[in-house]
Amino acid sequence: MRLEDKVSIITGAGSGMGRVAAIRFAAEGSRVIVADNQAEAADETVRQIRAAGGESYAARVDVSVEADARAMVDLAIEKYGQLDVLYNNAGIMPEADHSVVDTPVEAWDRVMAVNVRGVYLACKYAIPRMIERGSGSIINVSSFVAILGCSVPQDAYTASKGAVLALTRSLAVQFAPKGIRTNAILPGPVETPLLMEWLLKDEAAKSLRLARNPTGRFGKPEEVVAMAVYLASDESKWTNGASMVIDGGISVNYF
Ligand SMILES: NC(=O)c1ccc[n+]([C@@H]2O[C@H](COP(=O)([O-])OP(=O)(O)OC[C@H]3O[C@@H](n4cnc5c(N)ncnc54)[C@H](O)[C@@H]3O)[C@@H](O)[C@H]2O)c1
C-alpha cells in the first residue's frame, strides 16, 4: 500500500473529489481525517471508509474559520499522534460569482474566504506539526482556470485559484528545508457535484467546454485523485512546488 503509516487530513471530503480521495487514501493505508462543513456528508464518507476496513474520523470544519482549522489539526494529533499529509481540497464556486463587473462583494469575499483563507488557515496549524516530524506533504487544489482566461467568467474563483497556486510556490520554497513539500493540482473540468450542478443548468456552457477539450469528455474524480496519491506518498519526495495540470489537454489546445 502506497500510504501505509500515514495520517492525512482531506478538506471538503464530504463530496466530489475529496470523498473519492478519502476513500482511496484509506484503501492505500492512510488514516484519514475527513473534514467538511457538511457534517452528515463527512460522516457518510467515514462510514464508507470504515465499511471497507479503513481508519477515519469526521470533523465538521468550516475551513474559513480559524478555530475550526485549529481543531481539525488537533483532532489528527489527538486520534493518530501525527500529521503527514494536508490535502487542501475544499472549494466553492457560487453561481453569483461571474465577471468583476457584476459579482456582488459578498460573493467575492466568500469565495476568497473559503478558497484562499481556508488554505492559509489549514497550513497555519498543520505546518508546525509537520516541522516537528521533519516531514510532510501539502497538496493544494488549484484549477486550470488559474493559468487560462475563460470567456464564461467566474472571476472570484479564478483569482482565488491563482492565489492558491502562488501560495503553493511560496510554501514550497519556505518549508522544503524543513522536509515539507508543497504542490498544486490544477484539474480541468471534472464530473463532480460542484461542476455538474452548475453546468447542467446551462447546456451552452457545457458544449462550449467540451468543444475545447481534446479528449471530448470531462475528467473523472479518480483521474485527479491518482495524482494526489502520488503527491501524498513517499514516491514524490523530490516533487516540490510543482503545478500538476490534469485537464485532458485543454490548456495546450490551440484548435
Ligand atoms: N469539479 C471541477 O471541475 C473542478 C475543477 C478544478 C478544480 N476543482 C476544485 O477541486 C476541489 C473539489 O471540488 P469538487 O468538484 O470535488 O467539489 P464538491 O462541491 O463536490 O465538493 C466540495 C466539498 O467541499 C465542502 N466545502 C465547501 N465549503 C467548505 C468550507 N467552508 N469548509 C469545509 N468544507 C467545505 C463541501 O461541503 C463539499 O463537500 C475544489 O477546490 C474545486 O475548486 C474542481
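## Terms and basis of the model

On a 1 Å grid over the protein atoms alone, a cavity is a set of points where a 1.4 Å probe fits but cannot get out, and its lining residues have an atom within 4 Å of a point. This structure is a predicted model, in which local features need pLDDT of at least 70 and side-chain atom pairs count only at pLDDT 80 or more, while totals for chains, interfaces and linings use all residues. Residues are numbered from 1 along each chain as its sequence is written, and side-chain values use heavy atoms, with hydrogens and water left out.

## Overall form

The chain holds eight helices and seven strands, where helices (H or I, at least four residues) and strands (E, at least two) are DSSP runs numbered from the N terminus. For 255 residues a compact globule would have a radius of gyration near 18 Å, and the chain, with 17 Å, agrees; this radius is taken over C-alpha atoms, and the globule rule is 2.2 Å times the number of residues to the power 0.38. Along the principal axes, the C-alpha atoms fill a box of roughly 50 × 40 × 35 Å.

## The sheet and its helices

Seven strands form an open sheet with parallel pairing, in the order 3-2-1-4-5-6-7; two strands pair if DSSP finds at least two bridges between them. Strand 3 (56-60) and strand 7 (243-246) stand at the edges with a single partner strand each, so one side of each is left without a neighbour in the sheet. Neighbouring strands are turned by 15° against each other on average, direction ignored, with axes fitted to C-alpha atoms (for helices over the stretch in contact) and angles running from 0 to 180 degrees between N-to-C directions.

Helix 2 (residues 39-51) packs on the sheet, touching strand 2 (31-36) and strand 3, and its direction makes about 175° with that of strand 3. Helix 5 (residues 155-175) also packs on the sheet, where it touches strand 5, strand 6 (180-187) and strand 7, at about 160° to the direction of strand 6. Contact here means heavy atoms within 4.5 Å.

## The cavity

The count comes to one cavity of 30 Å³ or more, and the largest cavity holds about 30 Å³ of space; grid points are joined across faces, edges and corners, and a volume is the space filled by probe spheres set on the points. The largest cavity is lined by Thr11, Val63, Asn88, Asn89, Ala90, Val114, Gly118 and Val119, and helix 4 (residues 105-133) gives the most to this lining, with three residues.

Definitions and conventions: 1 Å grid on protein atoms, 1.4 Å probe; cavity = no way out; pocket = protein on both sides within 12 Å on 5 of 7 lines; lining within 4 Å.
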